[in-house]
Amino acid sequence: MTLVRRVARPMLAAIFIKTGIDQVRGAADLAPAAEPVVERVAGPLHLPEDPVLLVRLNGAAMAAAGVLFGLGRAPRLSAAVLAATAAPTAYVAHPFWTEKDRSVRSEVLGDFLKDVALLGAALLAAVDTAGKPGVAWRAGRAGRDAKRLAALAAREASHAAESGRKDLRIAAAKVG
């Protein structure tokens with residue numbers, strides 16, 4: 001792991017860990033704001049329709065993924081979980097579009113944009129392969145290698161068959 005990743009991952013993870021813990025602890029206070037979202041997504045995603053439980057689960061997943069990401073364990077998976085938990089958090093926690101007062105709206109919009117920036121950072125971290133090829137590239141490479149080896153084997157088999165026919169002709173000429 002490079003020095004930048006070793007330092008940056010815990011820095012990014014810290015806010016997710018704190019936010020996740022706050023969500024777990026204050027789920028009852030946050031649930032009313034999450035209720036409209038829960039009503040819309042619980043059915044299609046086959047989730048329980050309990051806003052308090054879903055806020056707690058979101059917070060627990062965020063905190064756990066933050067710890068894993070900060071430690072560099074399963075960084076792409078944990079970053080993807082961070083992104084998945086940050087999106088509903090930003091939407092529920094900072095609904096700037098509902099604010100009528102201009103100064104309050106501006107402040108809430110700033111907080112929303114900070115959460116969106118964290119979401120973007122998590123998405124970037126989720127696709128960071130740390131200089132190593134990703135699964136899609138390795139799968140494509142394995143396919144190309146297999147195709148090349150199959151073509152090579154076919155050529156070798158063709159040459160062996162031609163050589164065998166040639167040897168048979170020579171042996172037949174000697175016998176006959």
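Colleague: Where does A74 lie?

Modeller: A74 sits in the loop between helix 3 and helix 4 (75–93). Please keep in mind that this is a predicted model.

Colleague: Why is A74 called partly exposed?

Modeller: The relative accessibility of A74 is 43%. Buried needs a value under 20% and exposed one over 50%, with partly exposed in between, so A74 counts as partly exposed.

Colleague: What about the phi of A74?

Modeller: Phi is positive there, about 45°, although A74 is not a glycine. H46 is another residue other than glycine with a positive phi, near 55°. You will find H46 in the loop between helix 2 (27–41) and helix 3 (51–71).

Colleague: Is H46 buried or exposed, and how do you know?

Modeller: H46 has 73% relative accessibility. The cut-off for exposed is over 50%, so H46 counts as exposed.

Colleague: Happy with that! What does the secondary structure of the protein come to?

Modeller: There are 6 helices and 0 strands, and from the N terminus on the order reads α-α-α-α-α-α.

Colleague: How does the radius of gyration of the protein stand against that of a compact globule?

Modeller: For 176 residues, a compact globule would have a value near 16 Å, whereas the protein has 29 Å. The C-alpha trace spans about 105 × 40 × 30 Å along its principal axes.

Colleague: And how much of the protein is buried?

Modeller: Buried residues are 26% of the 176, where buried stands for under 20% relative accessible area.

Note on methods:
Residues are numbered from 1 along each chain as its sequence is written. This is a predicted model: local features need pLDDT of at least 70, side-chain atom pairs count only at pLDDT 80 or more; totals for chains, interfaces and linings use all residues. Side-chain values use heavy atoms; hydrogens and water are left out. Helices (H or I, at least four residues) and strands (E, at least two) are DSSP runs, numbered from the N terminus. The radius of gyration is taken over C-alpha atoms; the globule rule is 2.2 Å times the number of residues to the power 0.38. Buried means under 20% relative accessible area, exposed over 50%, partly exposed in between (1.4 Å probe, protein chains only).
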